[in-house]
Amino acid sequence: MASEELARKLQRRLEVEQSASADLCAPCAPCAPAKLSQDEGEEKQPVVNGSATTELTLKLSRRLDINEGNTEPKQVKVFNPYTEFKEFSRKQIKDMEKMFKRYDSSKDGFIDLMELKLMMEKLGAPQTHLSLKNMIKEVDEDFDDQLSFREFLLIFQRAAAGELQEESGLLALARLSEIDVSTEGVLGARDFFEAKAQALAVASKFEAEIREEQEERKRQEMERKQRRAAFRQLQSTFCP
């Protein structure tokens, strides 16, 4: 194969370069002044970094070893949410996946800080920049400062197990999401459902207070209109 032949050539070239560099001696003292005088007035040429060539050589050498059976290819771990998160049903995981994709506006398979910010605003629980960073940090297992789908599932898993602090933004995310994990067979579902109901009750109370204020303003406006109408009627009686 062409790739195998190229790998052999690059490997041979690397061995030759290493052998040649080993044979070189350090410049002796008498040679140093002559070298300096020779370089005077000449512009220094940029040094070519051979790290890229070396890296390519190593990759091709590894591919050659794999083809010849001298080494085993690296096994890529496949993430299966249905087998890893057995406490959730398939429907619940699909609902979580829909929510994840809804807020993954860049469609790169991750939710970054700005996308998480938008999510929390949509859920009615906006967070500060520092709080958003802490939310990601709580489940960011690979330290890439963004949420993968697996890390997104960890939020609901830890919420259902009661492992999140009450003031955690992740707990607010899990409680205020539209995903219902209260069905039979879910570990810790009862406590999670009660916590979610409590969060919704707080939100409902806030909305009720707003509606009450609006109704009060309407009543006051109606009373003002009635007083103005009564005044005009009384005025027309005395001033025909």
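Modeller: In the second largest pocket, helix α7 (residues 129–139) gives the largest share of the lining, 4 residues. Helices are DSSP runs of H or I, at least four residues, numbered from the N terminus. The model is predicted: local features need pLDDT of at least 70, and side-chain atom pairs count only at pLDDT 80 or more, while totals for chains, interfaces and linings use all residues. Residues are numbered from 1 along each chain as its sequence is written, and side-chain values use heavy atoms, without hydrogens and water.

Biologist: How do α6 and α7 pack, and are they roughly parallel or roughly perpendicular to each other?

Modeller: Helix α6 covers residues 113–122, and its axis lies 10 Å from that of α7, at an angle of about 105°. Axes are lines fitted to C-alpha atoms over the stretch in contact, and angles run from 0 to 180 degrees between N-to-C directions. Since 65 to 115 degrees counts as roughly perpendicular, α6 and α7 are therefore roughly perpendicular.

Biologist: Which residues of α7 make the contact with α6?

Modeller: Contact means heavy atoms within 4.5 Å. On the α6 side are Leu 113, Leu 116, Lys 117 and Met 120, and on the α7 side His 129, Leu 132, Lys 133, Met 135 and Ile 136.

Biologist: Which element of the protein has the highest mean pLDDT?

Modeller: pLDDT is the predictor's confidence in each residue, from 0 to 100, and the protein averages 76. Helix α2 (residues 31–39) has the lowest mean, 45, whereas the highest, 95, belongs to α6.

How values were computed
Helices (H or I, at least four residues) and strands (E, at least two) are DSSP runs, numbered from the N terminus. Angles under 35 degrees count as roughly parallel, over 145 as roughly antiparallel, 65 to 115 as roughly perpendicular and the rest as oblique.
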